Amino acid sequence: MALCLIASMLMASAWAAEYPLTITDSAGREVTFNQPIERVIVTSSDAAEAVVMLGAADKVVGISDTVKNKGYYFPDLKGKQSVGKWNALDYEMIGAIASEPFENIKAVALEFTKPQNMTREIEVLGQILGKEEQASDYISWYDEKINSVKDAVDGMNLPEAYVEWSSSGGDISTLGPGSAFDQVLKVAKGYNIASALEESYPKVDWEWVVTENPEIIIVRQTQPAGHTEIGWESAPSQEASKLQAAKNELLDRSGASGTSAAKSDRIYFIDWDIMNGLDQVVGATYLAKVLHPDVDLNPEEVYREYLERLGLEYPEGRTMVYPEIED
């Protein structure tokens, strides 16, 4: 199991009546807390979103590089002590923050990436942080929005979609069965052409993509480390021009122009920030609109509500999907 989050929990000194508390994390491990949580280290932006959403930002004492690079989402966290890269943590720094032996530090694995686990993981985190009421409130909102997507696409056809995870020097990766995106695509009522492959992140040949002839092509787009705002500036803009150039490069690939996706101009770039983490519900709404343009869904409104819950304002004049989709 690939763990996207290992949140190191540093213990407080005060005892609480409901302790010891034992939870089961997403790695299937039982973790017992003998005292309430006072300090938290988050090692992914998805974990940071969850902690902030539940109103426990004040407990965070350490963050990974992904959290620091996403400072526009976490104004209250970006100044916290860095503990290194999410996949190469500085354990000496973690020990220094803890000021105690490693055996007293609790490591909890929660992913916040897959729809089938999302509400359970939020509930577990709420228990750990003593934020059960906040967790319940968010779960109610999340369920409402996810059910809105499911209801809107109920009975729709299943357009065949190809998603490109990465492409470098002809080396192409997509997202297969077991990946978070494969699950989100099912929620949004789409068919993943890589669903029959064996791996969650398989490498494929472009010729295979052309042969599969997807109706829709979705390209994963991540923000550079120095990015300071959510999404991209709407066209006409430099950011939109760069995305159009990337789209043109894809169309220049051998056979690309003959695919159904190219012929119907259904090639989209999605800001992947909204495809993982608690804002995945936003991503699912956008994805449903990409797959089924006529459904009665308003992704922008869902994102506004989500950002308000984080204490942030919606970024006017910016977009999460290129080319932009109509509400």
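## Helices α5 and α11

Helices α5 and α11 are roughly antiparallel to each other, a label for angles over 145 degrees. Helix α5 spans residues 132–153 and helix α11 residues 299–309; they pack at an angle of about 170 degrees, with their axes 12 Å apart. Axes here are lines fitted to C-alpha atoms, for helices over the stretch in contact, and angles run from 0 to 180 degrees between N-to-C directions.

The contact (heavy atoms within 4.5 Å) is made by D137, Y138, W141 and K145 of α5 together with V302, E305, Y306 and R309 of α11. These residues divide into 4 nonpolar, no polar and 4 charged. Ala, Val, Leu, Ile, Met, Phe, Trp, Tyr, Cys and Pro count as nonpolar, Asp, Glu, Lys and Arg as charged, and the others, Gly among them, as polar.

## Basis of the model

The model is predicted; local features need pLDDT of at least 70 and side-chain atom pairs pLDDT 80 or more, while totals for chains, interfaces and linings use all residues. Residues are numbered from 1 along each chain as its sequence is written, and side-chain values use heavy atoms, with hydrogens and water left out.

## Helices α10 and α11

Helix α10 (residues 280–291) also packs with α11, at an angle of about 175 degrees and with the axes 9 Å apart. This pair is therefore roughly antiparallel as well. On the α10 side the contact is made by V282, T285, Y286 and K289, and on the α11 side by P299, E300, V302, Y303 and Y306. By class, there are 6 nonpolar, 1 polar and 2 charged residues in the contact.

## Overall form

The protein has 11 helices and 18 strands. Helices (H or I, at least four residues) and strands (E, at least two) are DSSP runs, numbered from the N terminus. The radius of gyration, taken over C-alpha atoms, is 21 Å, close to the 20 Å that the globule rule gives for 327 residues, so the protein is as compact as a globular protein of that length. That rule is 2.2 Å times the number of residues to the power 0.38. The C-alpha atoms fill a box of roughly 65 × 40 × 40 Å, taken along the principal axes.

## The cavity

The structure holds 1 cavity of 30 Å³ or more. On a 1 Å grid over the protein atoms alone, a cavity is a set of points where a 1.4 Å probe fits but cannot get out, and lining residues have an atom within 4 Å of a point. A volume is the space filled by probe spheres set on the points, which are joined across faces, edges and corners.

The largest cavity has a volume of about 30 Å³. Its lining consists of W232, E233, S234, A235, E239, A240, L243, T319, Y322 and E324. By class, the lining has 5 nonpolar, 2 polar and 3 charged residues.

Methods
On a 1 Å grid over the protein atoms alone, a cavity is a set of points where a 1.4 Å probe fits but cannot get out, and a pocket is an open set with protein on both sides within 12 Å along at least five of seven lines; lining residues have an atom within 4 Å of a point. Angles under 35 degrees count as roughly parallel, over 145 as roughly antiparallel, 65 to 115 as roughly perpendicular and the rest as oblique.
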